[in-house]
Amino acid sequence: MVLTSSTMLPLGTFAPDFVLTDTISGKQVKVSNYSDKDALLVIFLCNHCPYVKHIQSGLVALGLDHEKKNVAIVAISANDPGTHPNDSPEKLGQESRQAGYRFPVLFDADQAVAKAYTAACTPDFFLFDSTLRLVYRGQFDASRPGKDIPVTGSDVRAAIDAVLAGKQVSSNQTASLGCNVKWRPGNEPEYFEA
């Protein structure tokens, strides 16, 4: 495991478009599906990362709490299943069902979407407003494996609450920290540091 922090994509960036397959339903999901939402949260995650496992119950709670609000949440895994078979689409779908995620978990087979978002670690969070401009990127909260800080999702929740209230999201944002995205050999983006 290579401990990696998020790249902190510039605020105001438009949500890069994608068309990816939901690992449970098999349906195609794209950014334009969410153009009528007040907020879109894109989460890069995977099955094997201890940092994702650490916040898994918080992700489930976040999905439940926002299910009836005008907020869309999608998760994407871009890890190479050749080197990390637990992150294959089939295993992602199984884990999503088992965990009780209330949002689709998509698979980025060619890793192009991860590159477009400059995703660097799992977990990595990107929140877009109703115009699909980036208003938050960074950590879920300050909790980490082995630290005695409860998982609350406070950073992401505060950003979502601000968007839903029509307020500006604080620009004081902390990078996420976790396992590096597992790039296919030769497919590493320029921003990736091994």
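Colleague: How do the residues of the lining of the largest pocket divide into nonpolar, polar and charged?

Modeller: They divide into seven nonpolar, two polar and three charged. Here Ala, Val, Leu, Ile, Met, Phe, Trp, Tyr, Cys and Pro count as nonpolar, Asp, Glu, Lys and Arg as charged, and the others, Gly among them, as polar. Please note that this is a predicted model, in which local features need pLDDT of at least 70 and side-chain atom pairs count only at pLDDT 80 or more, while totals for chains, interfaces and linings use all residues. Residues are numbered from 1 along each chain as its sequence is written, and side-chain values use heavy atoms, with hydrogens and water left out.

Colleague: Which residues line the largest pocket?

Modeller: Its lining consists of Y34, K37, G63, H66, E67, V71, A72, I73, V74, R102, F103 and P104. Helix 1 and strand 5 (71-77) are the elements that give two or more residues to this lining, and strand 5 has the largest share, four residues. Helices (H or I, at least four residues) and strands (E, at least two) are DSSP runs, numbered from the N terminus.

Colleague: How much space lies in that largest pocket?

Modeller: About 160 Å³. On a 1 Å grid over the protein atoms alone, a pocket is an open set of points with protein on both sides within 12 Å along at least five of seven lines, a cavity is a set where a 1.4 Å probe fits but cannot get out, and lining residues have an atom within 4 Å of a point. Points are joined across faces, edges and corners, and the volume is the space filled by probe spheres set on them.

Colleague: How many cavities does a search of the whole structure find?

Modeller: The search finds two of 30 Å³ or more. The largest cavity holds about 80 Å³ of space, and its lining includes Y51, H54, I55, F140 and R144. Helix 1 gives the most to that lining, with three residues.

Colleague: And what lines the second largest cavity?

Modeller: C46, N47, V52, Q56, E95 and Y101 do, around a volume of about 30 Å³.

Colleague: Turning to helix 1, where does it bend?

Modeller: Helix 1 bends by about 50° at Q56; the bend is the angle between axes fitted to the seven residues ending there and the seven starting there.

Colleague: Which residues of helix 1 are buried?

Modeller: Among them are Y51, V52, I55, Q56, G63 and H66, where buried means under 20% relative accessible area with a 1.4 Å probe, protein chains only.

Note on methods
Buried means under 20% relative accessible area, exposed over 50%, partly exposed in between (1.4 Å probe, protein chains only).
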